[in-house]
Every structure is written in structure tokens, then in C-alpha cells.
Amino acid sequence: MEPICPIDANCSDQISLLLNPPSPVQVQKYYEEVIANRQSCGLEVRTNGEYGKGVYANMDFKKGDLVLKDPMLFGIQHSSNKMDCLVCSHCFQFIGSLELQIGRKLYFQNLADSSKSRCEKGESSSSLQDCSDQYHLSHDDSDVEDDDVEQRGSSNSKCDSISLPKDFIDLLMNGGLKLPDSNVVPLPSVVSCPGGCKEAYYCSQLCAKADWDSYHSLLCTGKGSKALSTEALSQFIQHANETNDIFLLAAKVISFTILRYRKLKEAYVEENEKYDTPNNLRRCNFSLLLEAWEPMSVGYKRRWWDCISLPDDVDCCDEASFRLQIKELAFTSLELLKAAIFDKDCEPLFALDIYGHIIGMFELNNLNLVVESPVENYFLYIDELPHSEKEKAEKVTQPFLDALGDGYSNCCEGTAFFPLQSCMNHSCNPNAKAFKREQDKDGQAILIALRSVRQGEEITISYIDEDLPFEERQLLLADYGFRCRCPKCLDQELSS
Ligand SMILES: C[S@@+](CC[C@H](N)C(=O)[O-])C[C@H]1O[C@@H](n2cnc3c(N)ncnc32)[C@H](O)[C@@H]1O
């Protein structure tokens with residue numbers, strides 16, 4: 001049955017205004033501000049291109065030049081990746097120490113292995129709660145049932161790896177054991193969440209504060225949380241972890257907008273206290289909400305359940321019921337979020353239509369978030385040491401490498417929405433590419449020129465593997481909701 005969200009009916013006019021595309025002048029102004037905040041950005045966003053808005057070079061770039069460094073607006077580390085890497089919840093760089101990264105991963109591997117063998121023997125197992133604080137486990141990790149541990153840990157825990165004794169792993173994590181030359185990959189110390197939750201950790205007080213002020217104060221499950229109910233919030237997080245972690249990203253958008261709205265309102269009230277009537281204040285509430293929503297209003301979006309592509313294992317004749325299921329899933333998630341952080345002034349944000357459009361915006365625009373692991377660089381460094389030093393170091397490091405198994409260097413993986421990169425149109429013969437260089441240690445999007453780009457030229461990227469045959473490319477691009485009309489496709493279409 002179609003889910004019925006009363007807010008969609010009660011706030012229909014406000015929802016239309018939130019979803020109405022802003023005027024080209026507003027869009028232009030917004031991106032001018034975004035670009036002004038980036039240092040030395042040789043780009044501009046134009047709104048009148050063949051495919052709507054696009055990004056253009058306003059200087060020449062040579063092959064290999066950095067075209068854009070785009071800090072994310074919203075990003076998450078995938079829930080399934082949290083056992084592999086401990087990263088800053090705001091900028092996504094690896095934190096702690098090399099020893100903590102390795103020890104933590106081995107700890108989870110052992111946990112998954114012992115849980116698996118207990119399950120095989122039909123025994124029940126104990127909770128992970130005791131270790132949550134000490135080892136920077138996330139909330140979802142510390143509360144999960146053994147089945148979950150196995151499912152999420154198993155993707156990377158290697159059955160061909162060799163287990164190390166627990167004492168060794170504890171020593172690694174507690175700083176009692178230093179690996180040789182581990183200072184070659186220095187990492188920032190772990191800063192805890194100011195709200196006291198065990199889910200978010202940071203590389204600095206600066207990141208902790210920025211995250212708290214922008215999103216996390218409403219989404220924190222700790223004692224200092226500003227959520228209405230941390231219990232409801234935990235349920236929302238658990239549901240997202242069990243179904244689709246894109247809901248966690250959508251929650252960030254809603255929290256970000258509410259917090260921005262509250263700041264705007266505070267400033268407005270301070271300025272207008274003397275002359276404003278309650279009626280005026282009510283009217284202005286919605287204009288402030290529209291202002292707070294601006295970064296989302298300019299994003300290209302469609303409803304999630306309308307734009308999501310049909311998975312291969314779903315038959316075309318089941319399409320309608322598949323789309324309905326997706327909508328129901330989103331509704332369940334939204335209801336949980338509403339119980340956790342609802343704000344009457346921002347009621348339209350809790351409409352299912354808005355939730356669907358936020359997730360649809362991610363579906364059509366997001367870039368994979370990938371940050372390389374320092375663990376790989378460390379073992380490469382050891383491998384390249386002169387023979388005698390290498391032999392000495394490997395006596396200590398080899399058992400850890402063996403225990404880590406194939407997944408020893410798993411990257412931080414997630415998904416993120418970037419304000420400028422998301423305006424870039426696709427070409428099957430692109431002139432730029434998202435590519436992390438050795439010095440790029442955090443979650444920013446890095447765009448590099450694939451060839452010379454002249455001032456005034458549009459910057460294009462490929463959303464897919466551009467070397468695939470024409471028809472395969474069109475099939476993949478259909479998932480993004482369009483048939484490609486780039487010069488390469490037009491040429492190949494004519495000649496076929
Ligand atoms: C990530 S957005 C890019 C920014 C977008 N042009 C805008 O106005 O917001 C992707 C959308 O742009 C359009 N687009 C991008 N590249 C295209 C291409 N090569 N051919 C046709 N449409 C394209 C499609 O509508 C696609 O769904």
C-alpha cells in the first residue's frame with residue numbers, strides 16, 4: 001500500500017516551493033559564493049549550457065593540472081567499512097596511529113572469527129559493549145548481534161589470515177607496542193565527539209566543532225546530543241545500517257538545514273525583536289527555511305524511487321512493486337528520523353517527497369568517497385628498506401601482515417555530495433577525472449585535467465567507464481536518467 005505521510009498533504013505549498021528550481025540568477029549567485037570560498041579556483045558555473053548548468057574553465061589548464069579541490073557538503077563512511085578504518089568523521093582522513101589502525105582491524109577480524117566459530121558450535125556470544133570506548137567502536141558496531149558482526153566484518157576479514165593472540169592486539173591498540181618506523185606514516189590523534197557518543201571521532205578540535213555545528217549536534221547519540229530522543233535516533237541509525245546507509249546521509253542534510261535555519265532565525269530575531277509581530281515572525285520562518293535549504297535547492301534531483309535503476313535481479317513486470325517497496329523503506333526511515341529530531345518550524349523537511357528528493361539527489365550526483373590507507377604505505381616502506389634493516393623490521397611486522405590477510409590495506413570507502421563536482425556534466429571523452437594524488441589524504445574531491453583545457457571550455461568528467469562500447473555506455477547512463485549526447489556518442493550513433 002502507498003505510504004501516507006500527512007506532512008506531504010499539510011505542507012504541500014511549502015514543499016513545492018522547496019522543490020522549485022531556483023532562478024538562474026540565484027543559482028549563479030550561489031556558485032559564485034562557493035567558488036569565492038575556494039582558493040585559486042579557475043572555474044565558473046554557467047546555468048545556460050546544453051544540459052542545464054555546467055562547470056567551465058576560466059583559465060587554461062595543462063594535462064595533469066589540478067582543476068578542482070572540492071570539499072564535500074555531505075559525506076559518510078559506509079557502515080560496512082567502519083571496522084576496516086578509523087577516520088575523522090568530518091574530513092575522513094585516517095586518525096590515531098598506524099598501530100591503532102592495524103590493532104583495531106585485527107580486533108574486529110578476531111571478533112568475527114570467534115563469533116563465527118561460536119555460531120557453528122551453536123553457542124551464544126557476549127556483547128561487544130565493554131570494548132566500545134577503548135577501541136573506538138561505532139555505536140552500531142557495539143550493539144550489533146553476532147550475525148551482523150559476521151556479515152559486516154566478513155567482507156574483509158580473511159579466512160586465509162592467521163589469528164594473533166588477543167594480548168598482542170590489545171598492546172597494539174593501547175599504545176603498548178610500537179611497530180618499527182611507524183612514524184613514517186604519522187596520523188593525527190583521535191579527538192572524541194563533544195557530545196560523548198561512541199560513533200564520531202575526529203582528527204582535530206576544529207573538525208569536531210565544524211561537524212558538531214553543521215550536522216552532528218542533532219545526530220549524536222551521546223549525553224550532549226540536541227536530538228529530541230537519542231533512543232529514537234539509535235533506532236534510526238540501526239535501521240539505516242541494516243537497510244541502506246544512504247539514509248544516514250539524508251539525515252545529515254535535514255540536520256544541516258535545521259541547524260542553519262536555527263542560526264538564521266536567531267540572527268533575525270536579534271535584529272528585529274523590537275518591531276516584529278508574531279505574525280510577521282511566522283511568515284519569515286519559511287523564508288528563513290528556504291534560505292537554509294539553498295545548498296540543496298541548487299542540486300540536480302529527482303525522487304529516489306522514481307530515478308533508482310531497476311536491479312538486475314528484479315523482473316521488469318515487478319518494477320512497480322519494487323519502486324513501492326523503496327518508497328515504503330524511505331517512509332519507515334523518515335518516521336524514525338522524525339521521532340528523533342523533528343522541529344515544528346522545519347516541518348516540510350520531514351515530508352516524504354523531500355526525503356525522496358534528497359536521496360534522489362545523491363543517487364544522481366554522488367561521487368564515491370575513497371581515502372587510501374596509510375597501512376599500505378607503511379608495509380611498502382618496510383618492503384623497500386635495505387636488506388638487513390628489512391629483515392630486522394619484518395621479524396616484528398610480518399606476523400601482523402599475515403594476520404591482516406589480503407584486506408590489509410583497505411581504503412576508507414563511502415559516498416559524498418560535492419557542490420561543484422556535482423555540477424559537472426558527463427562526456428564519453430572527458431577532459432577531467434576524479435583522481436587522488438599521493439598528497440591527498442582526506443575526503444575532498446580532486447579533479448585533474450586529462451589533457452590541456454582552454455579558458456572557456458566546459459570541464460567534463462565521465463560518470464562511467466568511457467571505454468565501453470556505445471550501447472553499453474548508453475545503458476549505464478540510463479541509470480543517471482539520460483541518453484548521452486556528447487560528440488563521441490553523436491558520432492558513433494551516426495556511424496552505426
Ligand atoms: C550531475 S548532473 C550535472 C549537472 C546538470 N547539468 C545540472 O543542470 O544540474 C547530471 C545531469 O546532467 C545532464 N547531463 C549531463 N551530461 C550529459 C550528457 N553528456 N548528455 C545529456 N545530458 C547530460 C543529465 O540530465 C544528467 O542527469
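Author: Leaving aside neighbours within four places in sequence, A250 is in contact with Y355, I358 and I359. This is a predicted model.

Reader: What makes A250 and Y355 stand out in the largest nonpolar core?

Author: The number of other members that they touch. The core has 120 residues, and V87, C88, A250, A351 and Y355 touch the most other members. Helix 10 (residues 246–272) gives the largest share of this core, twelve residues.

Reader: How do you know where this core lies relative to domain 1 and domain 2?

Author: Domain 1 (6–37 + 72–76 + 197–367) and domain 2 (97–186 + 374–408) both give residues to the core, so it lies between them.

Reader: Why is helix 15 called largely enclosed?

Author: A residue counts as buried if 20 or more other C-beta atoms lie within 10 Å of its own. Twelve of the 14 residues of helix 15 are buried, so the helix is largely enclosed by the rest of the structure. Among the buried ones are Y355, I358 and I359, the three residues in contact with A250.

Reader: What makes L404 buried?

Author: The cut-off for a buried residue is 20 or more other C-beta atoms within 10 Å. L404 has 23, so it is buried. L404 lies in helix 17 (residues 387–404). Its separation from V298 is 106 residues in sequence and 44 Å in space, C-alpha to C-alpha.

Reader: Why is strand 8 called largely enclosed?

Author: Five of the six residues of strand 8 (residues 412–417) are buried, so the rest of the structure largely encloses it.

Reader: How do you know that strand 8 pairs with strand 4 and with strand 7?

Author: Two strands pair if there are at least two bridges between them. Strand 4 (residues 74–77) and strand 8 have four bridges, in the antiparallel sense. Strand 7 (residues 367–371) and strand 8 have five, also antiparallel. A416 in strand 8 stands opposite G75 and opposite L367.

Reader: What makes strand 4 and strand 7 the edge strands?

Author: The open sheet has three strands in the order 4-8-7, with antiparallel pairing. Strand 4 and strand 7 each pair on one side only. Direction ignored, neighbouring strands of this sheet are turned by 30° against each other on average. Helix 10 packs on the sheet and touches strand 4 and strand 8, and its direction makes about 145° with that of strand 4.

Reader: Why are strand 1 and strand 9 said to stand at the edges of the four-stranded sheet?

Author: That open sheet has the order 1-2-12-9, and its pairing is mixed. Strand 1 (43–49) and strand 9 (425–426) each have a single partner strand, so one side of each is left without a neighbour in the sheet.

Reader: How do you know that strand 2 pairs with strand 1 and with strand 12?

Author: The requirement is at least two bridges. Five bridges join strand 1 to strand 2, and these strands run antiparallel. V55 stands opposite V45 and has I459 as its bridge partner in strand 12. For Y56, the bridge partner in strand 12 is E458.

Reader: What joins strand 1 to strand 2, and which helix lies across them?

Author: A hairpin joins the two strands through two residues. Helix 3 (residues 24–36) lies across strand 1 and strand 2, running at about 165° to strand 1.

Reader: What are the totals for the chain?

Author: The chain has 19 helices and twelve strands. Of its 496 residues, 41% count as buried. Among contacts with a separation of 6 or more, residues 24 or more positions apart account for 77%.

Technical notes. Residues numbered from 1 in each chain as written. Predicted model: local features only at pLDDT ≥ 70, side-chain atom pairs only at ≥ 80, totals over all residues. Contact = placed C-beta atoms within 7 Å. Axes fitted to C-alpha atoms, helices over the stretch in contact; angles between N-to-C directions. Core = buried A, V, L, I, M, F, W, Y, C linked by C-beta atoms within 7 Å. Domains from an automatic or database assignment.
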